[in-house]
Amino acid sequence: MLVFVAKRLGSLVVVLFFLTLLVFTLGKVADSDPVRTYVGVNASAEAVEAAREELGLDNPIPVQFGSFVAGAVQGDFGISLSSKRPIADELSTRLPATLELAGWALALTVVIGVSLASLYSRPGRFGAFMRFVFFSAASAPSFLIAMLSVLVFYKWLDGALPAAGRSSYGPYEDATGFYVLDGILHGSPTYTWDAIQHLLLPAFAAAVGSGVALARVLADGISSSLGSPWARTARALGEREGTVLRRHALRNASSPALSLLAVQAGFMVSSLVVVEQVFSWNGLGSYLSGAIGVGDFPAIAAVCLILGAVYVILNTLVDVALAAVDPRVRLS
Amino acid sequence: MAEPIVLTVSDLTVTYRGRGRVVTAVQDVSLSIAAGRCLGLVGESGSGKSTIGAAVQGIIAADGSAHATGRISIAGRDLTPITDPAWAQVRGRDVTSVFQDPMRSLDPTMTIGRMLNRYTGSAEASVAALERVQIRRAGEVLKKYPHQLSGGMRQRVMIALALAPQPRLLVADEPTTALDVSVQAEVLSVLRESIEGAGCAVLFVTHDLGVARHMCDDIAVMKDGLVVETGAADDVIARPEDAYTQRLMASRITLTTDRMRPVGAPEPAVVASMRDVLADQGRPGDDVADAWGAGDLEWERFMGRTAAVGAATGLSDVRLVEHVTRPSLAVNEVDKTYWSRVKGRKVGNHVLKNVSFEIGYREAVALVGESGSGKSTLLRIAAGIENPDSGSVDSQGVAGEGTQVIFQDAGASLTPWRTVEELLRERIEHTTTGAGMSRAQMRALALSTLELVGLDESVLAARPTQLSGGQQQRVAIARAVVVPPSVLLCDEPTSALDVSVACSVLNLINLLRHSLGISVMFVTHDLAAARLIADRVLVMTGGEIVETVGAERLAQDITTDYGRRLVDAVLA
């Protein structure tokens, strides 16, 4: 098992290196001059040259890549071309915001998936009705779900849940940036509860689609597990249905569900870009769409790199979890 | 003193309802088994034998599609067949079972120990249970997962699991059907000793009369949901009274079956094909059914003239085959190793070691051996599906085009969304014979080939999933011979079929071989089937051909220890 984890970690480093190379190359081949973005259209030729030197763009490309990697490893992504501030500083509040939202959305995905899976496999009209409802929900794009939930919970239910921002109070000084955690660390139930309320709608909007997909795979897995020869063996040995489900079917059904969750985590990151806009969530998504608008390539590269890294790390975690669940993965 | 009766089934009828149709799987069946006795329930697919096996465990589908009447009594407890809540007390205590598929009947995510300890109570008891089914190093096996064990080991574990609760009745549903013949013999002897030790009653469900005779005290023969004959095993086998039982017995192939004539009872579809063959050769024969029934219909009679050979050799009569010197298939010093990584190290599996053999024009050669002997790899290399590491294969015979393969699982070897006509056309289009043929010509050729394998026009538009297993295998054969190949490669083509269907497939292969002048390479683990088709039998083990024996006196002439073991594993 340890060997397996070490191997996966090794390939993680390789994947991240190539991701960095890809992002860097994209910046070089993109049809925009970063120096112009930095100094403005009307700057003099001397100012342009000075800026080129300041940004290190007069160095040979391999040297530039070297310093890009060296910086990225230490969390230094250079200077934003539009705001002229270090990108790392700008991301320091936004990264926790997005990670917090993504974490809650993933947790909600699992909650929705597992609870729907049991509804899903119900026979008869009720099951059919539930399948219809969730099919509809899953086929709607996340921004539609986002706007609908704002309409219902904020407008019609008269502000039952907040529809914008992360908190009614603002951040603590010297905090982690994860508001729910901050609230708990500072011993303030009001602050914590407020942060959770702010999280619910955006997390739900981001989680519905993947939750339904997860439910389907889980329900299919469970029903095929229950119909498998080894489930029959368990029944023939006198196990009751509940035991067959808990002891045998769930574990066998969870490997396809886990694989799906890894893929869904990737989609979730991209749907957050949209969801953050709708809920005025000051995270990476809204930062990214701002940066794309002005062609701020270092900023775009930084966000892509971070999101990519999160995605790769999540997938690695899932691979390890898969190996833990299924001995055939681990021992073959 | 008579042993107490453990299982009594009275007037059991089971029907399944689906898509507006009601199918009666079992009708008015009554039987009983005493402690320490083994009753064999013998029949072909769809006879209802497995439904009875499920009924006496109370695991018939509970989704409302099944309906049952009658009574089942186990160890003195009366139960209704489907809905009785008392099954929860009976199943897993008074009755347990061993299933067919050892590959999938054990939970893949659990170690053997974790599964077994639950029913034995402790690791020590589990070790003892495994030792009772003759598993050595039981302590290590407990830590393994099912996929790390061989099929025979897995089935031993199944037996240990089933006997752990000390049941009064054991249901064994085709427990050795998925295993190699020699492994089958071992597992059967383990099962036999285990149940003798346990003293339980056994309901042994099988399609194989040889296995039933080997294992059972009594036999009940089933057909279409009815028990057609019951009696002591030796009586039923030696003196079958019912016509169906007689037919089953006639379909059994052993090492003494007559090789020169068709096997089994005359079958209308095969008889029709034989008439067609003779009519095509200008020698109409209306007497083939009578001759077959009387036992003097020899394959010799179907040897025809082959235009291609005539053109190639200048000789018009195929009886001059000795003049054809070029072999249809020549395998020269073929070597193959599969590489895999185990814990980071490259490990080679040397599956074929410098193998050479030839198959002459019109000759049939069988390769026999167990799983892992390399016989299937050799077939794939002969077919050109895989390349050898070194050595060469020449399949440019004097007649026919290339090689064609018939696989064990015909259903999986036919593209499911294509119609039978399209499947046959696909082969025709890729041959020189078929080049330039019109659609209508190809259709006519397809149709005449289908008739040759005992199918009719209605099959042309069908898709493989709409056909039965036997029909699928015939379509696969038709596709292989619609343009005759120089060598027909057969990979266990009968081992997944019922005995009577297997018989007609073997008869067809023999008929095609003689009438079309095709050479045959027949890969199997079943010596009896090999002997029936082949002129020579090559025995393979560990990637080498260890012995070549003439088919007729196979059992007497085989000399190697390994070959002898295969012969002994054929249950007479």
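How many helices and how many strands make up the secondary structure of chain A? In this predicted model, chain A comes to 14 helices and zero strands. Read from the N terminus on, its elements therefore run simply as α-α-α-α-α-α-α-α-α-α-α-α-α-α. Along the principal axes, the C-alpha atoms of chain A fill a box of roughly 85 × 55 × 40 Å. Of its 332 residues, 37% count as buried. Among the contacts in chain A with a separation of 6 or more, 72% are accounted for by residues 24 or more positions apart.

A:Arg216 lies in helix α9 of chain A, which covers residues 189-226. Is A:Arg216 buried or exposed? A residue is buried if 20 or more other C-beta atoms lie within 10 Å of its own; A:Arg216 has 20 of them within 10 Å, so it is buried. A:Arg216 and A:Phe279 are 63 residues apart in sequence, and their C-alpha atoms are 28 Å apart in space.

Chain B comes next. Its secondary structure holds 22 helices and 19 strands. The radius of gyration of chain B is 26 Å, close to the 25 Å that the globule rule gives for 572 residues, so chain B is as compact as a globular protein of that length. Taken along the principal axes, the box filled by the C-alpha atoms of chain B is roughly 80 × 60 × 45 Å. Buried residues make up 47% of the 572 residues in this chain. Of the contacts in chain B with a separation of 6 or more, 69% come from residues 24 or more positions apart.

The domain assignment divides chain B into domain 1 (5-109 + 167-251) and domain 2 (284-402 + 485-569). The centres of these two domains, taken over C-alpha atoms, are separated by 36 Å. Where the domains meet, the contact takes eleven residues from domain 1 of chain B and eleven residues from domain 2 of chain B. On the side of domain 1 that touches domain 2, α7 (181-198) and α10 (243-251) of chain B each supply at least two residues. Of the elements on that side, α7(B) gives the most, with four residues. By class, this side of domain 1 has three nonpolar, five polar and three charged residues.

A closer look at chain B can begin with B:Pro262, which is placed in the loop between α10 and α11 of chain B. B:Pro262 counts as buried, because it has 26 C-beta neighbours inside 10 Å. Leaving aside its neighbours within four places in sequence, B:Pro262 is in contact with B:Val270, B:Trp292, B:Leu297 and B:Asn507. B:Pro262 and B:Leu532 are 270 residues apart in sequence, yet their C-alpha atoms are 9.5 Å apart in space.

Which residues of α17(B) are buried? They are B:Ala446, B:Thr449, B:Leu450 and B:Leu452. Seen down the helix axis, these buried residues fall within an arc of 150°, so they line one face of α17(B). They pack against three other helices of chain B, namely α11 (268-280), α16 (420-429) and α18 (469-481). On the other side of α17(B), B:Ala440, B:Gln441 and B:Ala444 are exposed. The helix is followed by B:Gly454, whose phi is positive, near 85°.

Finally, the two chains can be viewed together. Their contact takes 19 residues from chain A and 21 residues from chain B. On the side of chain A that touches chain B, the elements giving two or more residues are α10 (229-236), α11 (241-278) and α14 (327-331) of chain A. Here α10(A) gives the most, with six residues. The residues on this side of chain A divide into seven nonpolar, five polar and seven charged.

Key: Residues numbered from 1 in each chain as written. Chains lettered and ligands numbered in written order. Predicted model: local features only at pLDDT ≥ 70, side-chain atom pairs only at ≥ 80, totals over all residues. Contact = placed C-beta atoms within 7 Å. Nonpolar A, V, L, I, M, F, W, Y, C, P; charged D, E, K, R; others polar. Buried ≥ 20, exposed ≤ 12 C-beta atoms within 10 Å, placed from the backbone. Arc of directions from axis to C-beta. Domains from an automatic or database assignment. Rg over C-alpha atoms; globule rule 2.2 N^0.38 Å.
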